[in-house]
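Subject: Structure handover

Hello,

Here is the structure for you to look at. My notes follow below it.

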Amino acid sequence: GTANTGMIIMKLSQKLVLLGAVLTLFSIIIGSLSIWGMSNINHDVKDISTNWLPTIKVVGEINGLVNEYRRNELAHILLTDEASMRDYEGKIRKVASSLDFKLKEYEKLISEPEEKVAFPKFMSAWNAYVNNHVKVEELSKQNKTEDAVKLVMGPARAQYTDALEQLQVIIDVNNKGSQASAINAEEAYAN
């Protein structure tokens, strides 16, 4: 009788150890899967916060500066007194400086193939626009308003529009990328 009882107790203790080991293994597996899932979510959230959103913010600021530059240029053309013209020339130089800073900031954020195509196109159109601005400003200083308007509404307008279109391409690419990362994070969370 006692040998038989020892066997049952030993078998029971072995079963309990085996059950504990199985439960520990399941806990490790579940924990690992959870960590892996959280890692995927973290990757997508980091992608949104360190790539997509900063790019959209900087490109939006560039867009605003491009528009401010043009507004100041148009105001300069409409002015006739020298003091006001100098004031707007200062504003244009300040905007140009801010724009240069933001362009350098954006260059570090370029990550998508579409951006690598659109940014040089933007720069080409913008540089052509700025080169035209030199002529426009000179005509404006001489109060040759009609000639300045022809230039700013002709070739310069096309360059300005081209530059803005390329910025929109960049914004669209980054919006799509951030949306894809958000969807990936939501799917990783759901699973």
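Helices here are DSSP runs of H or I, at least four residues, numbered from the N terminus. Please keep in mind that this is a predicted model.

The largest pocket has a volume of about 180 Å³. Helix 2 (82–107) and helix 3 (113–141) are the elements that each give two or more residues to its lining. Helix 3 supplies the largest share, seven residues. In total, 14 residues line the largest pocket. Nearest its centre lie Ala 96, Asp 100, Trp 126, Asn 127 and Val 130. By class, the lining has nine nonpolar, two polar and three charged residues.

Now the core. The largest nonpolar core has 31 residues. Ile 62, Val 66, Phe 122 and Trp 126 have the most contacts inside it. Two or more residues each come from helix 1 (2–78), helix 2, helix 3, helix 4 (145–153) and helix 5 (155–190). Helix 3 gives the most to this core, with eight residues.

Leaving out residues up to four places away in sequence, Trp 126 touches Val 66, Tyr 69, Leu 99 and Ala 163. Leu 99 is found in helix 2. Is Leu 99 buried or exposed? Its relative accessibility is 2%, so Leu 99 counts as buried; the cut-off is under 20%. Leu 99 and Tyr 69 are 30 residues apart in sequence, yet 9.1 Å apart in space, C-alpha to C-alpha.

Best wishes

How values were computed: Residues numbered from 1 in each chain as written. Predicted model: local features only at pLDDT ≥ 70, side-chain atom pairs only at ≥ 80, totals over all residues. Heavy atoms only, no water. 1 Å grid on protein atoms, 1.4 Å probe; cavity = no way out; pocket = protein on both sides within 12 Å on 5 of 7 lines; lining within 4 Å. Points joined across faces, edges and corners; volume = space filled by probe spheres on them. Nonpolar A, V, L, I, M, F, W, Y, C, P; charged D, E, K, R; others polar. Buried < 20%, exposed > 50% of the residue type's maximum accessible area, 1.4 Å probe, protein only. Core = buried A, V, L, I, M, F, W, Y, C linked by side-chain atoms within 4.5 Å. Contact = heavy atoms within 4.5 Å.
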